[in-house]
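Thanks, everyone. Let me put the model up and walk you through it.

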Amino acid sequence: MTKEQKDILLKFKNFVSFRNKFSLLLSLVILVCYYVFVFGIGAFPEILGYRIGDTSITVGIAFGIFIIISCIVTTGLYTFVANQYMDKNQEEILSDIERSGLTQQLQSGELSYNQEEIK
């Protein structure tokens, strides 16, 4: 394998790693918010029933709305990053892989981008 091919595979490996970590981070943010809410319902139901000021809105309703908004924001953030960075980068890396002749080796399993020799 040439140095150029190793560099391309290392770039691909770093891209896949970043994409997976970013997705996992956003998923964990939402899961933590959701499970804190569910834990709050089970452990402290009276706190979620407190009214906010003189309104009929409770802490539970406010926290539920916060979870919905945070889901929308994290989805928007992922979509923005995917459209602005990941899609362009992926297209470039895949064209580099095809240009360097690594496509057949990767598809047949002769070569894996996870191999230690890429470093």
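First, confidence. pLDDT is the predictor's confidence in each residue, on a scale from 0 to 100. This chain averages a pLDDT of 89, and 94% of the residues score at least 70.

Ground rules next. This is a predicted model: local features need pLDDT of at least 70, side-chain atom pairs count only at pLDDT 80 or more, and totals for chains, interfaces and linings use all residues. Residues are numbered from 1 along each chain as its sequence is written, and side-chain values use heavy atoms, with hydrogens and water left out.

A word on labels. Helices (H or I, at least four residues) and strands (E, at least two) are DSSP runs, numbered from the N terminus. Confidence is highest in α3, at a mean of 93, and lowest in helix α4, residues 103-108, at 80. Where pLDDT is low, the predicted coordinates should not be read in detail.

Now the inside. I call a residue buried under 20% relative accessible area, exposed over 50%, and partly exposed in between, using a 1.4 Å probe and protein chains only. A nonpolar core is a set of buried Ala, Val, Leu, Ile, Met, Phe, Trp, Tyr and Cys residues joined through side-chain atoms within 4.5 Å. The largest one here has 14 residues. Which members touch the most others? Phe 12, Phe 15, Phe 22, Met 86, Ile 93, Ile 97 and Leu 102. Helices α1 (3-43) and α3 each supply at least two residues of this core. The largest share, seven residues, comes from α1.

Take Phe 22. Contact means heavy atoms within 4.5 Å. Neighbours within four places in sequence aside, Phe 22 is in contact with Leu 77, Tyr 78, Val 81 and Met 86.

On to charges. Side chains of opposite charge can pair when their charged atoms come close. A salt bridge is a side-chain nitrogen of Lys or Arg within 4 Å of a carboxyl oxygen of Asp or Glu. How many does the structure hold? Four.

Start with Glu 92 and Lys 11, whose side chains meet at 2.5 Å, N to O. This pair links distant parts of the chain: Glu 92 sits in helix α3, Lys 11 in helix α1, 81 residues apart. Glu 92 is partly exposed, at 38%. Lys 11 is partly exposed too, at 33%.

Asp 7 and Lys 3 form another bridge, at 3.4 Å, N to O. Both lie in helix α1, four residues apart, about one turn of the helix. Lys 3 is exposed, at 61%, while Asp 7 is partly exposed, at 39%.

Then Arg 99 and Asp 96, at 3.3 Å, N to O. Both lie in helix α3, three residues apart. Is Asp 96 buried or exposed? Buried, because its relative accessibility is 16%. Arg 99 is exposed, at 53%. Outside its sequence neighbours within four places, Asp 96 is in contact with Ile 8 and Lys 11. Asp 96 and Arg 99 also join Glu 4 in a network of salt bridges.

Last, the surface. Patches are made of residues with over 30% relative accessible area and no salt bridge; like charges are joined within 9 Å, nonpolar side chains (Val, Leu, Ile, Met, Phe, Trp, Tyr) within 5 Å. Areas come from the Shrake-Rupley method with a 1.4 Å probe; for residues, only the protein chains shown count as cover. One nonpolar patch has about 1000 Å² of accessible area together, with Phe 39, Phe 44, Tyr 50 and Val 73 among its members. α3 gives the most to this patch, five residues. Phe 44 lies in the loop between α1 and α2 (45-48), and is partly exposed, at 40%.
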